[in-house]
Amino acid sequence: MNNRILLLLIIFSFLGKVSAQESEENKAAYLPCLVGNYFTLEAGAGFSGIKYDLRQEGKTDINFLGFDVKAGLRHYFAPHFGAGIGLRVQSYTGLATMNYVQSQSGALDFYQTPRSYEYRTYYVDYEEKQKAMLLEIPVEFFFQTNISGRWKFNLGLGLQGNLLALNKKYENSGGNISTRAYYNEWNLELSDLERYRLYDTSGFKGDYDYKPTISVIGEAGLLYALNSRLELAFNFHGTYNFTKALDSYSSRYLYDPDCVSEDGSRANYDGFYNGLLNTQAKDTKFLSLGLTVGIRYRFAKQEPQVALDFDDALHKARRIKGIEDEELNLTDSLDADEIVRRRRQQQIDSIDLADKERKRRAIEDEDFYISDNGDTIWKQKPQIKDSVQIVESVDSAKVIVDTAKVVVDNSQIINELKDILSTLNKNSCDFNQQVAANIAQQKNSFDRLAEILKQHPDIELDAIGHTCDIGTVEQNKIVGMRRAEAVKAELTKRGVSSKQIHCITKWFTEPLYPNNSEENRAKNRRYELRQK
């Protein structure tokens, strides 16, 4: 940190000396926006965090300060518009805190006749911090314009490829993880047994996974011209990551994914842990908002007059009658004679255009005339037709017919549909052999829902099946799909088109309650209907 501050002090000291060498007359001069190539170097800080949602109970925080360093090349193909590419390094930080119980059934102990038990992992005020330092390539389009004197306004917008993670660390910064063995037949929970890998532990750290992403970026700020080549830059910047930064949720467990061997014969405890971002985070994104300061140097070729005597040429051009400041931005050269020549050519072009209009007017019956300054003035504007039609009736009376479309208010149907779906989802239950146990109690709701869907074939629903966490992932995916297909069958047998119902399985990824008791697991074994 001290080295960074020292570097910034050296840069600003150099810029101050360059500015002090200019005369008082030069400091008051107006420096226009010029085409050409620019090199930029900026550094700063701001809020930059790793944003994500946890799949289980917990909270996250992204309010952290991070640094931002970037260099780039820009080409302004017009005085106000340009494009550029750069190289950027940014730091990001995220924090999560969890209180959660995770369990896996089917673990086997080490006795001669192995007995099955439930392997539990307790996250007690478990706090984990994630850090990232990304190497990024921004590509932007820029707009610049003069404000007054030497001040200019700068605006940039584009995309940024977050290609490489120079640093991607996670570290346990509070709380602990406790692993225990629960025997259901005796209602017994064992802890602190090294033979079973049961103990309280903390201090986890390591690397999480990362894949390249794309961000939308923008900047807005001010430029102050020290001379015709060197400018100070003050910019507010922001980035928003709109693609996922990590792979999808893994089916492995947080602390011990292999506590049951593949053949199911004996337990295999290896105490593996791979960080929250790899297993419990979803929709991970990198966000930042901050301020940078730096320099912008123009190294494009300049006319000798501009390079050697910029201000004299500018004042000479300003003294010419009728010359506006905007005309000075048309070219790198501020030669007054060239500006006068261009203005005279514009006057000749306008006279030629007026003559052409007058000749055309002489041979055609046009409703316009030419003003003294050469503008074309229309005598009568074309009529704009309304969105109505005039129809002749039998007795030749004119009748106005409105052709606007009639909008049907379906709000009553939509509200009734929401109420029916809410009732069904609230009373959803476990399925036995693909048939809901309480379908009889919901018959009226299914009947009315079927009537609405048949009357409105444009309405489509998702039938979603949910499970508890008992069994393997593949088994639960199958059970969840069967649960969704049973709901679809209840609707299609009432005459609803199968194209209106889409079956989805969410298995145990969206529990209503923690899967830490049989009562909660029974509530998680359910179906759900959602309007697409």
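View 1. D447 is partly exposed, because its relative accessibility is 23%, and exposed would need over 50%. The model shown here and in the other views is predicted. The side chain of D447 forms a salt bridge with that of R494, with an N to O distance of 2.6 Å. D447 sits in helix α7, whereas R494 sits in the loop between α8 (473-492) and β20 (501-507), so the pair links distant parts of the chain, 47 residues apart. R494 has a relative accessibility of 17% and therefore counts as buried.

**View 2. The salt bridge between R448 and E416.** The closest N and O atoms of R448 and E416 are 2.6 Å apart. R448 belongs to helix α7 (residues 443-455) and E416 to helix α6 (residues 411-426), so their contact ties together parts that are 32 residues apart in sequence. R448 is partly exposed at 24% relative accessible area, and E416 is partly exposed at 27%.

**View 3. The salt bridge between R74 and E219.** These two side chains meet at 3.3 Å, N to O. R74 is in strand β3 (residues 65-76) and E219 is in strand β10 (residues 213-225), so the pair ties together parts that are 145 residues apart in sequence. Both R74 and E219 are buried.

**View 4. A network of salt bridges.** The linked residues are E118, R120, R180, E189, D469 and R521. The count of salt bridges comes to 23.

**View 5. The cysteines C468 and C503.** C468 is buried, with a relative accessible area of 5%. C503 is partly exposed at 23%. The whole structure contains 0 disulfides.

Methods: Residues numbered from 1 in each chain as written. Predicted model: local features only at pLDDT ≥ 70, side-chain atom pairs only at ≥ 80, totals over all residues. Heavy atoms only, no water. Disulfide = S-S within 2.5 Å. Buried < 20%, exposed > 50% of the residue type's maximum accessible area, 1.4 Å probe, protein only. Salt bridge = Lys/Arg side-chain N within 4 Å of Asp/Glu carboxyl O. Helix = DSSP H or I, 4+ residues; strand = E, 2+ residues; numbered from the N terminus.
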